[in-house]
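Hi,

Here is the structure I promised to pass on. Have a look at it first, and then read on for what turned up.

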Amino acid sequence: TRNVIPSQIHHDFSTNSDFPSPTVTSFFKRAHPTAESNGFVKVDTVVTTDVSLPKPPFKLQPFLYQVYKQPATWLDSNEEFFMIKDKFPKGQVHYLVLFKKHSRLCWLGQLKNDLTKRDDALTSKRRKVTGGKSEGEDLQDGKVSKVATVHHFPMSNHLQLLKSLLGYATRLIETRHDLFPRSSTLADSSPTIHDYLIGFHEIPSLGPIHLHILSKDFYSPFLKKREHLHTFSTKFFRPLQDVIMELESNGMVKCRTDKRGAAAEDTKDWGKGIRCPRCTHICKNMPAVKACLEQHYSEQRKDLPVGT
């Protein structure tokens, strides 16, 4: 942790053009001349970093890192996560949830659940260094030092982190009715996680890794391209619960890395048209999809109780 003035922050956020890794946990900015300070006032937490992670095999834009320095834009937060509004929402409700302390995580391919595997590797390494002796046996000083080094190998276990993320998203949807309005026609119903799309893009365009929480209406002026529907209405969109199960079963999340190839694979049954995500009808073009989605949205709003 170190204190810096704003001129130094840009450098910290630009050390790697592929996916910048912020290293600042707090910073200072110039205070108003009347402030009772030594010219600077402290601004709250920015971010901390993970251990070294492999780079994603594609380019990422770093724009989301800016929100770590703008807590006033956070709609909700706790010790681990914070939520912001998507700048270009693809539905009436569209938020992004980011990790506070894992800013180097950029995509699903970096997620690991390898504590068990790493424990096995440590045991194997320890026995190799000690000549097969257990830790309780007498060892030479040099070998004891080598064994101690093994214990400092970094471990990756993102499974619990994602389970906490699911709990956080569930709490938000069920309690923050100012942010997540009721979408059911039942007068006494409250929104649940099943009313929203909750997941990640398989090949993101922005870093760091972020969770999308999106209403299923797809009613938005920012829904303009075939690509937008592909990234949210096909297997390109990886639901959070599915990611947790895969990480729990396989210790990793298998991901494609070619976005163009993924789009061709996921939309091959669309032909030259575009599938409506609400009724699965193949529409001729984007204006036809937008008209179909608008009709679905109007019918949904008509059935809702007054005031929702």
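This is a predicted model: local features need pLDDT of at least 70, side-chain atom pairs count only at pLDDT 80 or more; totals for chains, interfaces and linings use all residues.

Now the overall picture. The protein has 308 residues, and 43% of them count as buried. Its secondary structure comes to 8 helices and 10 strands. If you take the contacts between residues at least 6 apart in sequence, 63% of them join residues at least 24 apart. The accessible surface is about 17100 Å², and carbon and sulfur atoms account for 52% of that.

Next, the sheet. Six of the strands form an open sheet, in the order E3-E4-E5-E7-E6-E8, and the pairing is antiparallel. E3 and E8 are the edge strands, each pairing on one side only. Inside the sheet, E6 and E7 run antiparallel and are joined by 4 bridges. Along that pair, Tyr-196 stands opposite Ser-215 in E7.

Two helices to look at here are H4 and H5. H4 packs on the sheet and touches E3, E4, E5, E6 and E7, with its direction at about 50 degrees to that of E4. Helix H5 (residues 226-233) also packs on the sheet, where it touches E5, E6, E7 and E8; its direction makes about 100 degrees with that of E6.

What about the inside? Nonpolar side chains tend to be buried together in soluble globular proteins. The largest nonpolar core here has 50 residues, and those that touch the most other members are Leu-162, Leu-165, Phe-180, Phe-200, Leu-211, Ile-213 and Leu-240. At least two residues of this core come from each of E4, E5, H4, E6, E7 and H6. H4 supplies the largest share, 9 residues.

How many salt bridges does a search of the whole structure find? The count is 12. One of them links Asp-76 and Arg-171, whose closest N and O atoms are 3.0 Å apart. Asp-76 lies in strand E3 (residues 76-77) and Arg-171 in helix H4 (residues 159-175), so that bridge ties together parts 95 residues apart in sequence. Is Asp-76 buried or exposed? At 11% relative accessibility, Asp-76 counts as buried, while Arg-171 is partly exposed at 36%.

The last pair to look up is Arg-238 and Glu-202, whose side chains meet in a salt bridge of 3.4 Å, N to O. Arg-238 is in strand E8 (residues 237-239) and Glu-202 in the loop between strands E6 and E7, so the pair ties together parts that are 36 residues apart in sequence. Both Arg-238 and Glu-202 are buried. They belong to one network, joined by salt bridges that share partners, together with Lys-235, Glu-246, Arg-256, Glu-265 and Asp-266.

Cheers

Methods
Residues are numbered from 1 along each chain as its sequence is written. Side-chain values use heavy atoms; hydrogens and water are left out. Buried means under 20% relative accessible area, exposed over 50%, partly exposed in between (1.4 Å probe, protein chains only). Contact means heavy atoms within 4.5 Å. Accessible areas come from the Shrake-Rupley method with a 1.4 Å probe; for residues, only the protein chains shown count as cover. A salt bridge is a side-chain nitrogen of Lys or Arg within 4 Å of a carboxyl oxygen of Asp or Glu. Two strands pair if DSSP finds at least two bridges between them. Axes are lines fitted to C-alpha atoms, for helices over the stretch in contact, and angles run from 0 to 180 degrees between N-to-C directions. A nonpolar core is a set of buried Ala, Val, Leu, Ile, Met, Phe, Trp, Tyr and Cys residues joined through side-chain atoms within 4.5 Å.
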